[in-house]
Amino acid sequence: MAEESVPEGPNLKELSEEELWELINDNRHRISLGVRPCILFPYLRQVKVLTEVDEDEILSRHNLTNRCMRTSYMLDLLRTQGRNGAIALLEGLMIHYPVLYTQITGRKPSTEPSRFSGLIKYSELTEYLIRAVTGMQTELQEARNEAGKMSARCSSLESEVSQLMEQEEKYSHLQTENACLQRHLSSLQREVTKLKDEKCDLYIRYTASIEEKSAINGRLHDLNLQVYQLQMDLQSIQMENEFHKQRSLRSVSSSQTPQLQDEAHKDILQQDLAEAIDSQVELAEHLKSYREENEKLLRDKQGLLNQTEALSLQVQQLSLDCKMQQQKSTVVQSQMKELQAYQSRDEAQAMIARVLAEKDTLRSQLVELQEAVFTLQAKRSPRPRLRKSGVKEISWESPTSSSEECPVPDRRRLRRMDALNPMSLSSCTSESEDAVPSSIRSKGVEPPSPESFRRRQEFFFEDSSLETAETDSVLDDFVLLSDAGSEDEQKPRPSSFHGSGSVCDSKSSAPSFLVRSRPKAIRVNGRVLGLSLQCDALLSQLSVVGGNKSGVFVHQVTEGSAAHTAGISPGAQIVEVRYEQNHRALRMVLEDSTLEEATWALGQVTGFCQLSLRPRQNDYEALLQQLQNSPTSSGDSFYIRVNLSLPAGASGTLAVSCNNILHVTNTRPAGTEDLWQASQVHPCQLLDLQSGTVPNYYRAQRLLIQTIEDMSFQTKNRQKAGRENTHSEQKAVRIVSTGRQGRNPLWVSVDEENANSTESGSPSPPKSCVTLMPYTLVTPHFPPVCRPILLLPTILGRMLDKKLGSWQGFQLCEPEMLTSSEHAARLQRSEILEEVEPGGNQCYTLQSVEKVMKKGLHCVLPLGLDCVRRLHRSEIFPVIIFMGVSARNARKLKSKLQRSGQTEEQLLACSKSEEPLLDKLPCLYHSMAPDSWCDQNSLLTSLRTIIWEEQRKVVWVEPDLW
């Protein structure tokens with residue numbers, strides 16, 4: 001559009017030399033800044049207005065220090081060439097700098113020969129233009145490569161920056177927790193210091209009380225001495241009084257004194273007696289006071305003793321409290337260390353989980369590439385028809401025709417089989433062009449079906465005894481088998497839980513194999529030995545342990561049986577088994593089968609059979625140690641998504657809801673025939689939570705059919721209540737079925753399966769239930785920090801996309817305008833997610849989504865449900881949020897709906913039509929109840945919380961069954 005609006009300037013051929021150079025000089029500054037002389041030199045030399053000497057002079061002259069000075073000097077040299085120099089300069093600008101040419105001359109640049117002045121021949125001009133275009137394309141490619149490298153470098157730097165930011169957030173969180181713990185520790189230390197101070201005060205008081213007690217004891221001793229001294233003084237006085245009294249009586253009796261002298265002497269004696277009595281009374285009072293004081297001191301002593309005992313008890317209690325505080329601080333410090341250790345362990349586990357997820361992704365990509373190589377090899381070269389002596393090629397296309405069946409091969413002698421060579425089986429590709437080559441390992445949730453046996457049929461038997469060593473070649477690590485089979489070849493299978501003594505009621509029935517999370521190929525880890533034997537029932541002569549994770553091992557062999565005589569011993573892994581049934585040669589590979597599958601398969605073996613065994617004694621002993629440590633587990637390990645709700649039952653039956661994720665660890669628990677041992681999985685980590693038992697695939701399929709029949713029977717009775725409580729009731733079932741029933745041999749028809757039960761009087765299920773799946777296998781994925789956001793229903797999502805895209809950390813996905821060729825190429829590569837208008841070239845592409853994700857932002861997708869599978873193929877897992885809508889919510893959004901040209905009825909109809917489609921998605925989604933939001937603001941607030949919670953969860957993805 002910009003080029004069409006440029007006006008046509010004067011014809012250069014009509015301008016004179018002065019006019020041309022005046023035009024150039026007017027734009028001399030622009031030319032000096034925008035032109036590189038080295039680009040124009042080839043054309044100027046081609047038209048012979050400059051020579052090699054001029055070019056060397058311009059490029060190597062010392063006083064020309066920059067590009068502008070060299071360009072200006074080139075213009076001066078061209079000025080000496082007159083008109084030809086000006087014309088050559090403008091033509092060079094038209095070829096190499098079309099924008100600058102338009103700005104100078106006002107004319108459109110063109111490469112037509114008529115637009116050139118004729119200074120150069122037409123052939124030479126064409127050759128030069130070709131060289132110029134080639135050089136420009138080379139420079140453009142180099143620039144694009146450099147831009148790609150820079151973008152990759154920027155993305156790696158952005159990922160490193162995001163990782164550093166995450167580490168910084170974790171470090172700040174740890175610092176905050178550490179600061180809290182430090183503050184708590186300092187408070188505890190202050191309390192301990194306070195307790196120590198109180199303890200010191202008590203010790204000081206206790207010492208003071210002891211000193212007071214010693215002082216009181218000394219005072220009491222002194223008082224006792226004084227009392228004793230007073231008693232001695234009193235006794236001496238009494239003795240002296242007695243002596244004076246006797247002396248006075250003796251003197252009265254001995255002499256006859258005059259009467260006056262007697263009277264005077266009598267008065268003296270009476271006076272002395274009165275003084276003695278007074279002194280005795282005084283001494284008695286002193287003695288009494290001393291006794292009272294002594295009693296008081298004794299009471300004080302007893303009080304001090306009681307106080308001393310109380311203080312000693314307080315000291316002991318404080319000592320115990322101090323020790324308890326010390327123990328608490330020690331425990332807090334140990335808990336801090338354990339917390340740091342747990343955090344380090346969680347980080348290491350998360351890192352290991354990410355590495356394993358990346359490893360699984362790379363392995364799956366390698367398997368897909370290898371299968372593509374095998375398919376191309378099979379298409380390029382015709383399939384070899386290898387026949388051995390006495391063995392014919394086996395065809396499974398017509399199981400009822402006896403003329404096409406191969407005869408039973410003669411029983412061979414006991415010999416050593418060669419190791420499994422995947423390249424020897426590479427020719428056994430699929431019979432049909434549309435069938436995808438499948439791995440030799442099983443992929444089903446059930447034990448094997450006849451179709452699975454036919455997939456595992458070997459087209460020829462080798463008679464020669466070979467020994468093949470382990471190889472490291474990548475091409476030798478995969479085995480491809482044919483996928484031939486039809487719907488008519490499936491046979492009815494009885495229920496596995498009707499008979500307790502046998503694995504199943506009929507030997508002809510064949511449940512399907514477990515669907516693997518990724519197609520795994522056989523890795524030949526060692527030499528495989530082949531044993532041939534004749535037995536009536538192989539499973540009655542030996543028992544097996546293990547599962548799909550560890551392999552199936554021989555556990556016990558009956559003494560004196562044919563298996564024991566043939567040399568089968570515990571510790572050998574059963575790789576495959578070949579046997580004869582109804583004059584047909586069958587082969588079953590147990591390399592990756594579950595314990596339930598292996599037990600069923602070995603129960604089918606009767607008569608002559610050949611076993612391929614691999615000695616793995618160390619792995620067998622490790623498996624036995626694991627079983628001894630955890631009796632409820634086995635060698636099985638896979639994750640399933642439950643498609644129906646199961647209530648809790650007796651004997652440890654696990655209560656699960658629809659869309660729950662379970663980790664199955666044992667497909668044949670001890671003492672049960674129709675149960676699996678499983679555990680619920682943590683939503684954010686690969687950790688097992690509550691464990692218990694769940695019904696196995698057969699029993700769960702019957703429960704699913706029964707639940708659907710009950711729901712159909714009760715629909716008319718509760719139709720009105722169902723309309724009112726559509727969103728409040730918990731989801732009971734999820735209808736999941738395979739899309740290619742006629743060609744997929746992994747599932748058994750329910751109609752044929754219940755043929756026996758129909759004869760006994762039980763009603764047969766409807767035709768629509770032939771491929772119902774109670775469990776679907778899922779694989780964990782750990783997406784990057786910011787996942788895309790997809791809001792449903794579509795009408796409500798379009799109203800919120802722009803608002804959500806304006807938040808920090810979010811960006812709305814913008815469409816790209818593509819040309820017709822680009823549109824066709826990207827459509828062929830499945831890079832177009834959705835077209836803005838049907839048939840238009842403005843589209844939403846994978847590149848636009850990846851561009852936003854590389855910025856570390858949530859990409860808001862204004863798309864529908866059809867984009868989910870395309871995003872999953874590119875390892876992009878969006879957060880899917882379905883917002884339930886009721887009539888009350890729709891009325892609240894009436895004004896916003898009218899602005900976008902929508903009505904309330906259209907919103908309710910859109911919600912009702914898109915909600916059933918969510919069950920067909922291969923991943924989990926989040927559903928919001930209508931009563932959880934009332935207006936747009938509350939809805940946006942809830943969305944932010946839900947997106948943060950969904951971002952932390954592990955993404956579980958089902959295989960594409962269609």
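Colleague: Where is the place of Pro-793?

Modeller: Pro-793 sits in the loop between β15 (789-792) and α18. The model is predicted: local features need pLDDT of at least 70 and side-chain atom pairs pLDDT 80 or more, while totals for chains, interfaces and linings use all residues. Residues are numbered from 1 along each chain as its sequence is written, and side-chain values use heavy atoms, without hydrogens and water.

Colleague: What makes the peptide bond from Leu-792 to Pro-793 cis?

Modeller: The omega of this bond is near 0°. Most peptide bonds are trans, and most residues other than glycine have a negative phi.

Colleague: Which value of phi does His-583 have?

Modeller: Phi of His-583 is near 60°, a positive value in a residue other than glycine. His-583 belongs to the loop between β6 (572-580) and β7 (585-589). Likewise, Asn-659 has a positive phi, near 75°, and lies in the loop between β9 (638-642) and β10 (661-666).

Colleague: Why is His-583 called exposed?

Modeller: Exposed means over 50% relative accessible area, buried under 20%, and partly exposed in between (1.4 Å probe, protein chains only). His-583 has 62% and is therefore exposed. Buried residues make up 41% of the 962 residues in the protein chain.

Colleague: Why are α18 and α24 called roughly perpendicular?

Modeller: Helix α18 (residues 794-805) and helix α24 (residues 904-914) pack at about 110°, with axes 8 Å apart. Axes are lines fitted to C-alpha atoms, for helices over the stretch in contact, and angles run from 0 to 180 degrees between N-to-C directions. Under 35 degrees counts as roughly parallel, over 145 as roughly antiparallel, 65 to 115 as roughly perpendicular and the rest as oblique. The pair is therefore roughly perpendicular.

Colleague: Which residues of α18 and α24 meet?

Modeller: Thr-794, Ile-795 and Leu-796 in α18 meet Gln-906, Leu-907, Cys-910 and Glu-914 in α24, where contact means heavy atoms within 4.5 Å.

Colleague: How do you know that α14 has close to its expected span?

Modeller: The expected span is 1.5 Å times one less than the number of residues. Helix α14 (residues 697-714) has 18 residues and reaches 26 Å from its first C-alpha to its last, close to the 26 Å expected. Among its buried residues are Tyr-697, Leu-704 and Ile-708.

Terms used. Helix = DSSP H or I, 4+ residues; strand = E, 2+ residues; numbered from the N terminus.
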